[in-house]
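Subject: Handing over the structure

Hi,

Here is the structure I promised to pass on. Have a look at it first, and then read on for what turned up.

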Amino acid sequence: MLEIRKYAGGLEMEKIALENLDIKEFIEKLEKLGDKEILSYWIEGELKEAELYRDLAIRARNMRLDERVVETFVVLSKESKGHATRLWEIYKRLFKTEELENVDLPPIEVAPLIDKFKDAKSILEVLNLAMESELLAKKIYEILAKRTKDENIKRIYKYLAAMENEHYHKLKVEYEYCKKKYEKCK
């Protein structure tokens with residue numbers, strides 16, 4: 001079960017548990033990976049996130065939700081794909097290869113919440129889950145940026161954290177819009 005305790009500075013990482021995934025342990029596993037593996041992991045994760053937002057756009061359209069909500073999911077899908085593309089360019093430049101490393105970790109932004117998205121009963125619930133996912137990714141990137149000694153990798157993590165924060169704010173705007181426009185935004 002998703003348990004996120006919020007505090008003034010963001011998320012309290014020690015209190016986060018996603019189903020059977022211990023976030024602190026997950027970060028420790030990420031930190032043991034080399035730069036090539038970490039970038040491979042995030043490229044794949046951004047592609048999966050793009051797919052998730054595309055699927056949410058289709059679902060929102062099928063639910064006959066306001067086109068503005070559909071468009072937000074479409075934009076987030078395109079941006080996630082763009083993030084993957086930018087990371088891919090960095091990866092190719094740094095490692096002189098077009099083959100990604102295989103990393104045996106679940107996509108942190110998608111895997112723990114995918115069933116919850118499918119079971120969500122309202123757009124407010126979907127938007128809230130998506131916001132939690134973006135905040136979680138942002139916090140993980142911030143932690144990794146603080147812990148790495150490599151300034152190039154630190155900049156990449158900070159960039160990714162900023163992108164996740166931007167996604168969070170776009171989702172929050174839609175959440176507030178839906179909350180005002182529809183009582184339950186079904």
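Predicted model: local features only at pLDDT ≥ 70, side-chain atom pairs only at ≥ 80, totals over all residues.

Let me start with one glycine: G82 is buried, with a relative accessible area of 18%. Buried here means under 20% relative accessible area, exposed means over 50%, and partly exposed is in between (1.4 Å probe, protein chains only).

Residues are numbered from 1 along each chain as its sequence is written, and side-chain values use heavy atoms, with hydrogens and water left out.

Now the overall layout. The chain has 6 helices and 4 strands; these are DSSP runs numbered from the N terminus, with helices being H or I of at least four residues and strands being E of at least two. Reading from the N terminus, the order is β-β-β-β-α-α-α-α-α-α. Of the 186 residues, 48% count as buried. The chain exposes about 10300 Å², and carbon and sulfur atoms supply 49% of that (Shrake-Rupley method, 1.4 Å probe; for residues, only the protein chains shown count as cover). If you take contacts between residues at least 6 apart in sequence, 75% of them join residues at least 24 apart, where a contact means heavy atoms within 4.5 Å.

Next, the inside. The largest nonpolar core has 27 residues, and F26, L30, Y41, W42, I108, I140 and Y157 touch the most other members. Helices α1 (23-32), α2 (35-62), α3 (67-95), α5 and α6 (151-181) each supply at least two residues of this core. The most come from α5, which gives 7 residues. Another core, of 24 residues, lies apart from it, and A60, F73, A120 and C178 are among its members. By nonpolar core I mean a set of buried Ala, Val, Leu, Ile, Met, Phe, Trp, Tyr and Cys residues joined through side-chain atoms within 4.5 Å.

Of its 25 residues, 20 are buried, so α5 is largely enclosed by the rest of the structure. How far apart are the end C-alpha atoms of α5 (residues 123-147)? They are 36 Å apart, which agrees with the 36 Å that its 25 residues should span at 1.5 Å a residue. That expected span is 1.5 Å times one less than the number of residues.

Then there is α1, where I23, F26, I27 and L30 are buried. These four cover an arc of only 95° around the axis, which puts them on the same side of α1; the arc is that of the directions from the helix axis to the C-beta atoms. As background, an α-helix has 3.6 residues a turn, so residues three or four places apart point the same way.

On to the aromatic rings. Rings of Phe, Tyr and Trp (its six-membered ring) pair if their centres lie within 6.5 Å, with planes under 30 degrees apart counted as stacked, over 60 as edge-to-face and the rest as tilted. By this rule there are 7 aromatic pairs. One of them is Y41 with W42: their centres are 4.9 Å apart and their planes are at 80°, so the pair is edge-to-face. Y41 is buried at 5% relative accessibility, and W42 is buried too, at 2%. Ring pairs also link F26, Y41, W42, Y141 and Y157 into a cluster.

Finally, two loop residues to check by eye. Most residues other than glycine have a negative phi. R64, though not a glycine, has a positive phi of about 60°; you will find R64 in the loop between α2 and α3, exposed at 75% relative accessibility. K96 is not a glycine either, and its phi is positive at about 55°. K96 lies in the loop between α3 and α4 (114-119) and is exposed, with a relative accessible area of 71%.

Happy looking!
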